[in-house]
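Reader: Could you walk me through this one? I'd like to go through the strands and then the helices.

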Amino acid sequence: MIRVEHLKKYFAIKQGFLRKRTMWLKAVDDVSFEIKKGETFGLVGESGSGKSTLGRTILRLYEPTSGKVYFGETEITALPKEELKKIRPKMQMIYQDPYSSLNPRLTVFDIIAEPLKEHGYEHVRDRILELLEAVGLSEEHANKYPDELSGGQCQRVAIARALALDPEFIVLDEPTSALDVSVQAQVLNLLEDLKKDLRLTYLFISHDLGVVRYLADKVGVMYLGKIVESGDINQVFDHPKHPYTKMLLESIPIPDPKVRSIRRHKIVRGEIPSPLTPPSGCRFHPRCPYAKDICKKEEPEMIELERGHFVRCHFAEEM
Ligand code: SF4
Ligand code: MG
């Protein structure tokens, strides 16, 4: 359903005296992958790795610097603005912070009515009640304002609005990270049920590997603008080949029944470098325990280790 080919998104950053020097922030730097219909593709990585930018560029909320994105047979990166508008309802986005993504001056009813009216829907009221029910809310929420709702309820409203025009593909950017832990599971279950009932396809962005393991069929691990490993969720999580994936998996909090608290198994070592000045060769080399000379000089290619399992590391086969 979604095919991304060599996608790049660079931002120009003006620097120096009179801001005359331009540096390029390579937020997304040559990313390729595909998502089949009905699949959830999890995108993981630390903050600053380019996950959100990638999600927005796929939807053309950001114009790509180069590369292609296909939605089914249609190359959305080649569509003129008018054509893009027609296909927009099929591709939606849900953001991390439900409060700031909802207009505080509109009631829930009007928030969900907006896209419906814009696209000439006739039975707006019936549709809104149907949508509220689908996300576990009811008619009594329709006349409330966002600040009268809990975070979880607001995120349900944002989901209802995203579903209003029968989308096929949804980018979910950390959709539960801002919610209380107790509410997170409910919203994740809702998203999972909606996916099945409405045959949706998801790109699920998260830094929470536990959540991604639970929801995703496939996963891509992003580091400084590049996908460094991708494949089936079990393939990648049970047999990680890239040192960065291993590092992320080792830093998942493990609930320890004896201590009755969550302890960090191992801390992710070092900080992510600035994407403005990424390290030479393999971008991960300053943090990599396996780095050799070649890693500083040559950027590794993406290789397919096993069917569908891709790794970008000079020593992938030995890992
Ligand atoms: Fe580590 Fe070298 Fe592999 Fe990069 S290419 S992940 S530095 S071993
Ligand atoms: Mg982000």
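Predicted model: local features only at pLDDT ≥ 70, side-chain atom pairs only at ≥ 80, totals over all residues.

Reader: Let's begin with strand 3: what does it pair with?

Author: Strand 3 pairs with strand 8, residues 201-205, in the parallel sense over four bridges, and another four bridges join strand 3 to strand 9, residues 218-223, which also runs parallel to it.

Reader: Which residue of strand 8 is opposite L43, and which one is opposite G42?

Author: L43 stands opposite I205 in strand 8, while G42 faces F204 of that strand. On the side of strand 9, the bridge partner of G42 is V219.

Reader: Is strand 3 buried or exposed?

Author: Five of the five residues of strand 3, which spans residues 40-44, are buried, so the strand is largely enclosed by the rest of the structure. T40, G42 and V44 point one way from the strand and F41 and L43 point the other way, with all of them buried.

Reader: And how many residues of strand 8 are buried?

Author: Five of the five residues of strand 8 are buried, so strand 8 is likewise largely enclosed by the rest of the structure. Both of its faces are covered, with T201, L203 and I205 buried on one side and Y202 and F204 buried on the other.

Reader: What about strand 7, how does that pair with strand 8?

Author: Strand 7, residues 169-173, pairs with strand 8 in the parallel sense over five bridges, and within that pairing I170 stands opposite Y202.

Reader: Switching to the open sheet, what is the order of its four strands?

Author: The order is 2-1-4-5, and the pairing in this open sheet is antiparallel. Strand 2 (21-35) and strand 5 (74-75) stand at the edges with a single partner strand each, so one side of each is left without a neighbour in the sheet.

Reader: How many bridges join strand 1 to strand 4?

Author: Five bridges join strand 1, residues 2-15, to strand 4, residues 66-71, and the two run antiparallel. One of the pairs there is E5 with its bridge partner K68 in strand 4.

Reader: On to the helices, then: at what angle do helix 4 and helix 6 pack?

Author: Helix 4 (residues 108-118) and helix 6 pack at an angle of about 25°, with their axes 8 Å apart. Since angles under 35 degrees count as roughly parallel, the two helices are therefore roughly parallel to each other. The crossing of helix 4 and helix 6 is right-handed.

Reader: Which residues make that contact?

Author: From helix 4 the contact uses V108, I111, I112 and P115, and from helix 6 it uses V157, A160 and R161. By class, the residues of this contact divide into six nonpolar, no polar and one charged.

Reader: Helix 6 also packs with helix 7, so at what angle do those axes cross?

Author: The axes of helix 6 (residues 151-163) and helix 7 (residues 181-198) cross at roughly 20° and come within 10 Å. That makes helix 6 roughly parallel to helix 7, and their crossing is right-handed.

Reader: Which residues meet there?

Author: G151, G152 and Q155 in helix 6 meet V183, Q186 and V187 in helix 7. The residues of this contact divide into two nonpolar, four polar and no charged.

Reader: Last topic, helix 10: which of its residues are buried?

Author: In helix 10, which covers residues 243-250, the buried residues are P243, Y244, T245, M247 and L248. These buried residues pack against strand 3, helix 8 (209-215), strand 9, strand 10 (226-232) and helix 9 (233-238).

Reader: Where does F237 lie, and is F237 buried or exposed?

Author: F237 lies in helix 9, and F237 is buried, because it has 20 other C-beta atoms within 10 Å and 20 or more is what counts as buried.

Reader: What is F237 in contact with, leaving aside its neighbours within four places in sequence?

Author: With those neighbours within four places set aside, F237 is in contact with R213 and L249. As for distances, the C-alpha atoms of F237 and L209 are separated by 9.1 Å, although the two residues are 28 residues apart along the chain.

Technical notes. Residues numbered from 1 in each chain as written. Chains lettered and ligands numbered in written order. Axes fitted to C-alpha atoms, helices over the stretch in contact; angles between N-to-C directions. Parallel < 35°, antiparallel > 145°, perpendicular 65-115°, else oblique. Left-handed = near helix turned anticlockwise from the far one by under 90°. Contact = placed C-beta atoms within 7 Å. Nonpolar A, V, L, I, M, F, W, Y, C, P; charged D, E, K, R; others polar. Buried ≥ 20, exposed ≤ 12 C-beta atoms within 10 Å, placed from the backbone. Pairing = 2+ DSSP bridges.
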